[in-house]
Amino acid sequence: MQISYKPGSGLLYSLNPLVKGAMTFAAIIFFSVNSLGLWAMAALIVAFLIICRLSRVALLDVILSIRRIALLLLIVGVIQGFGTTGFSLLMAAEAMLRILGVFLVAGVYVTISSQSELTFFWEACFRPLSLFGFPAREFALIMVIAVRFFPVILGEIERIRMAQTARGAKLEGGGLLASAASLMPLMIPTLTQAVIRAGELAQAMEARGYRVSAQRTRYQRFRFGLSDFLAMLVPIMLFYYLLHPFFMAQ
Amino acid sequence: MNNGITEIKLQNLTVKYGDATLLENLCGGFKRGQVNLIVGRAGSGKSTLLRTLAGFHKEFSGTVMAEERSFNPSGNISLVFQNPEALFFNGTVGEEVGYALKMRGLPVEEIEQTSVKWLQQWGLTPERCWNRHPLELSGGEKRRLALAACTVFLPPVVLLDEPLAGLDMRGQRSLAAMLAAMAADHIVIVVTHEPELLLAHSSSLLYLHSGSGQWFTPDAFLREALNNNSFFPLPDWYARALSPYRDTAVLPQIDAISVHRFVSECR
Amino acid sequence: MIVFDQVAFWYKEKSETSFELKEVSFSLQKGLINGIIGGNGSGKSTVARLIAGLLPVLSGALTVNGESPYQQLHHSGFLAGLIFQNPENQIVGTTVEEDLAFGLENLGLSHDEMHCRIIETAARFGLTSLLRQPVTSLSGGQKQLLCIASVMVMEPAWVIFDEPTSHLDPWSRLEFWKIIDEFVHHHDLGVVIVSQLAEDLTRFEKILGFKEGRLLFNGSGEEFRSTGDDIHAHFNYPESWKYERLQLTADQQKIT
């Protein structure tokens, strides 16, 4: 199962894309650098999941996808667990929980944001750069389409992998160099397919009147409501928590 | 050629994909010596069945048996997809064909000999294309190269997904004949939207429809399709060629190839 | 009406082997199923892209309803929509609604206008209940329908289909031809279908046959059928016509 946009109508869904993006951004930074300790973080994650549940976010795929990063979690846990005083289970769990938190927040963000919402947010982020002639809207659209094509390409790789292993290609095992070489059977057909797809998509977009220089209008209208103002408190609070030691020091 | 398996049997095969049950309690078998056909609408579970047989789709219950033993797909099966571009990754046609043999650790001279022989068998001239890039070949040649590269190691079971799609009639006909010839040495299982081209070489057809599979003889399949266009829309010309025989007890083996031969002889 | 008057086109690196469309003249009318046939490298896809305005005419004149499609497409206009064969590679949005809106956003329409058109088109194609659905959850047939709807929502005068049937199952092919018949004979829409499949030929009411950048045949479906082997040899000839011929000769033999 892939993490992808699943439509819904709960509170989290109805937020302005800017707020959604800001909250996600703040939460990811928060989980990466906070120093709250194991229990507070676990409580926060549980609280986050409960809020998602109340907003009827389809959590199943996100949670099932955790097994994809299981290996990463384990490695980080082992490395971080070894401190000056030998292996500490608490340290290991804390490090793993950080990654888990980041993963869950990002996964939920992708689940509740449609393409136009993602484009809207990314564009807003890049807009300051457009002062220097940077094509913000186009760049945002490219990023979003890349994200959309991700599951398609993954499916393709899966198919190619099947056919190649059937021919006897060894896709796992061996040293670093050997495993890099063993990826060749997958890489070339995948890239060939990706280039073909990209070319066709570009033509299809152009045929529907898309031009880089064009004045495009926007179909979706995003309002900034009361709930958005309240929700903005979340990133503000998170950033306050992260930054206040610096202010205190002054 | 000896690659052991002459029949694989399905016993109560139930295939799931997430929450959805794609196929339920499928029983039956695929035999050597004929082309096994699988027909059904897009989304009827054809591809997932192929994946299951190949051992890549694990969400299933029931068993797949080969010669009274549980079937181990690893090394015994080959998959050929509709677009050959997705299969090629070697720099030359020669390497492409020989790859599967190289992976099995055969000596170089033997690989080359077998590859040359195999290219010829699939109607490609080795002298002309040996050093060319696989993607430089024409559409029909690419398809045949894909088949050659996927069968050179003599897998007992070969699964083909839409091998005839996108070729012109002439290409389809010659490929159909090649597939029929291949069936002597392999269990050939073909998923296709053009069963009429292969029916003459087939004695069983699996029809997948909303979660269940039904086995037909070519005769019964054609009769059903003639009476009910939504069961399977046969191409216009083929239905017309068959319709005079609709009420006879046994339908004549009118396959597309013999109709065509008849037509071209008359011209 | 589409008019090609001595239209030529070549790609940048003009060499002896590269493809070239050589001074082609013809016209296509609404109300007929127009078919363009030919093998690989015949020029049929180039013609389709010229009509859609994706490629500029390098010499000669091409007009669609009296206007140049290339100029129109580059100035927020829209004359002819182009639909490709693989739906997976032409859906831009993540939801049905977003994909329908994509082309309209490019046209620079107001929100209300877009909303009206999307609701109307969705109803026409039976996509209303799917509007908020992610495109990944659609079936193959629904994706194909969405691709057609996404172009139709832009209200083009002409629609060009590039090899639409080659990847469909036999059931979906029947449904596709039903839609085309509806478009051509009950709505005021010009339709051009580019195809390699011999069986599609029997559905065409007007046929343009290309070979190596030249227009070899220009006439009605009936004319194509009765023309000689010197033309037929260059194209895929439908099996059903062969069979009918066979029956005819068999009947004649019976009589004599």
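Reader: At what angle do helix H2 and H5 of chain B pack?

Author: Good place to begin, and keep in mind that this is a predicted model. Helix H2 (residues 93-103) of chain B packs against H5(B) with the two axes 6 Å apart. The angle between H2(B) and H5(B) is about 30 degrees.

Reader: Which residues of H5(B) make that contact?

Author: Two sides meet here. H2(B) brings Val93(B), Glu96(B), Val97(B), Tyr99(B) and Ala100(B). By class, the residues of the contact of H2(B) with H5(B) are 7 nonpolar, no polar and 1 charged. From H5(B), the contact takes Leu145(B), Ala148(B) and Ala149(B).

Reader: Which residue of chain A does Ala149(B) touch?

Author: Leave aside residues up to four places away in sequence. Within chain B, Ala149(B) then touches Leu87(B), Glu96(B), Val97(B), Tyr99(B) and Ala100(B). From chain A, its partner is Arg167(A).

Reader: Why does the radius of gyration of chain B agree with a compact globule?

Author: Chain B holds 9 helices and 10 strands, and its C-alpha atoms fill a box of roughly 60 × 55 × 30 Å along the principal axes. Buried residues make up 42% of its 267 residues. Because a compact globule with 267 residues would have a radius of gyration near 18 Å, the value for chain B agrees, at 19 Å.

Reader: Among contacts in chain B between residues at least 6 apart in sequence, what percentage join residues at least 24 apart?

Author: Here we count contacts between residues at least 6 apart in sequence, then pick out those that join residues at least 24 apart. In chain B, that share is 66%.

Reader: Which helix supplies the largest share of the side of chain A that touches chain C?

Author: The contact takes 30 residues from chain A and 36 residues from chain C. Helix H7 (115-130), helix H8 (136-166) and helix H10 (184-207) of chain A each supply at least two residues of chain A's side, which by class has 12 nonpolar, 8 polar and 10 charged residues. The largest share, 8 residues, comes from H10(A).

Reader: And how many charged residues are on the side of chain B that touches chain C?

Author: Chain B gives 20 residues to this contact, and chain C gives 21 residues. Helix H8 (236-242) and helix H9 (256-266) of chain B each supply at least two of chain B's residues. That side has 12 nonpolar and 4 polar residues, and its charged residues number 4.

Reader: Which strands are the edge strands of the open sheet in chain C?

Author: The sheet has 6 strands with mixed pairing, in the order E5-E6-E7-E3-E8-E9. Inside it, E6(C) and E7(C) run parallel, joined by 5 bridges, and Asp162(C) stands opposite Val194(C) in E7(C). An edge strand pairs on one side only, and in chain C these are strand E5 (80-83) and strand E9 (214-220).

Note on methods. Residues are numbered from 1 along each chain as its sequence is written. Chains are lettered from A and ligands numbered from 1 in the order in which they are written. This is a predicted model: local features need pLDDT of at least 70, side-chain atom pairs count only at pLDDT 80 or more; totals for chains, interfaces and linings use all residues. Two strands pair if DSSP finds at least two bridges between them. Helices (H or I, at least four residues) and strands (E, at least two) are DSSP runs, numbered from the N terminus. Two residues are in contact if their C-beta atoms, placed from the backbone, lie within 7 Å. Ala, Val, Leu, Ile, Met, Phe, Trp, Tyr, Cys and Pro count as nonpolar, Asp, Glu, Lys and Arg as charged, and the others, Gly among them, as polar. The radius of gyration is taken over C-alpha atoms; the globule rule is 2.2 Å times the number of residues to the power 0.38. A residue is buried if 20 or more other C-beta atoms lie within 10 Å of its own, exposed if 12 or fewer, and partly exposed in between; C-beta atoms are placed from the backbone. Axes are lines fitted to C-alpha atoms, for helices over the stretch in contact, and angles run from 0 to 180 degrees between N-to-C directions.
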